[in-house]
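Biologist: I am new to this structure. Could you take me through it feature by feature?

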Amino acid sequence: MRPSSALTAALTATAAVALTATGASATPGAAPAGTAARPVVCQEKALGVSASPGGQRNTARITVTNRGGSTCVVDRIPTVTFRGLDGSAEPVPPATSGSYALSPGERGYAAVRTAAPGTTEGHVVRTLSVAADPSHVGVTFAAATVGMDRGIRVWEPVTTLWHTSRAAADRALADATR
């Protein structure tokens, strides 16, 4: 699970206090002397997010594309949620948030398993939503879009981190769910 909004705000406030105490600058876009400026979080409107069938039962592939004019970052863990259910798909392998940089025109790929093949437990939902970064609203996709015409069975869903190719994301999912 991702940190809650309250936790994120508390961590941000703590970081601001630490910066102030050390005399560092918290000005957006400003980098300490002798360091390169880090890319900023991608604006949601500069990204294309798509979803498609994953090639196996209860799996989907997702893609994020930087349609903007400069390099930016998204969270390295896609946020995948399911209509009417709390929480999001857990990353495999287990990971914490971090940055994943996308140059203009570059794509990132991830694979999602909504339930293990043959699972009859869980809930069946009609949509899944994908956000490239937890600060984004995301895009919602119908079950048919991801090849699950009878609904998306959700039981202990998992997602890979972003990868540089669709094949790498598929391998990561297969390796993590054996």
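Modeller: Start with a term: contact means heavy atoms within 4.5 Å. Keep in mind that this is a predicted model.

Biologist: Which residues does isoleucine 152 touch, leaving out those up to four places away in sequence?

Modeller: Isoleucine 152 touches Phe82, Thr114, His123, Val124, Val125, Arg126, Thr127, Leu128, Ala143 and Val146.

Biologist: How do I read a nonpolar core?

Modeller: In soluble globular proteins, nonpolar side chains tend to be buried together. Here the largest nonpolar core has 27 residues. Isoleucine 152 is among those with the most contacts inside it, along with Ile62, Val74, Val80, Phe82, Leu128 and Trp162.

Biologist: Which elements give two or more residues to this core?

Modeller: They are strands 1, 2, 3, 4, 6, 7, 9 and 11. A second, separate core has six residues, including Val92, Tyr109, Ala111 and Val158.

Biologist: Val92 is in that second core. What joins valine 92 and proline 93?

Modeller: First the general idea: most peptide bonds are trans, and most residues other than glycine have a negative phi. Valine 92 and proline 93 are joined by a cis peptide bond, with omega about -5°. Look for proline 93 in the loop between strand 5 (90-91) and strand 6.

Biologist: And phi? Where is asparagine 58 found, and is it buried or exposed?

Modeller: Asparagine 58 has a positive phi, near 65°. Its place is the loop between strand 1 and strand 2. The cut-off for buried is under 20% relative accessible area. Asparagine 58 has 8%, so it counts as buried.

Modeller: Glutamate 156 also has a positive phi, near 50°. This residue lies in the loop between strand 11 and strand 12 (158-159). Glutamate 156 is exposed, with a relative accessible area of 55%.

Biologist: Now the charged pairs. How many salt bridges does the count come to?

Modeller: The general idea is a side-chain nitrogen of Lys or Arg within 4 Å of a carboxyl oxygen of Asp or Glu. The count comes to two. In one, arginine 61 meets aspartate 170, at 2.7 Å from N to O.

Biologist: Which parts of the chain does that pair link?

Modeller: Distant ones: arginine 61 is in strand 2 (residues 59-66), and aspartate 170 is in helix 2 (residues 166-176). They are 109 residues apart. Arginine 61 is partly exposed, at 21%. Aspartate 170 is partly exposed too, at 24%.

Biologist: With which residue does arginine 178 meet in a salt bridge?

Modeller: Its partner is aspartate 175, at 3.0 Å from N to O. Arginine 178 counts as exposed, at 78% relative accessibility.

How values were computed. Residues numbered from 1 in each chain as written. Predicted model: local features only at pLDDT ≥ 70, side-chain atom pairs only at ≥ 80, totals over all residues. Heavy atoms only, no water. Helix = DSSP H or I, 4+ residues; strand = E, 2+ residues; numbered from the N terminus. Buried < 20%, exposed > 50% of the residue type's maximum accessible area, 1.4 Å probe, protein only. Core = buried A, V, L, I, M, F, W, Y, C linked by side-chain atoms within 4.5 Å.
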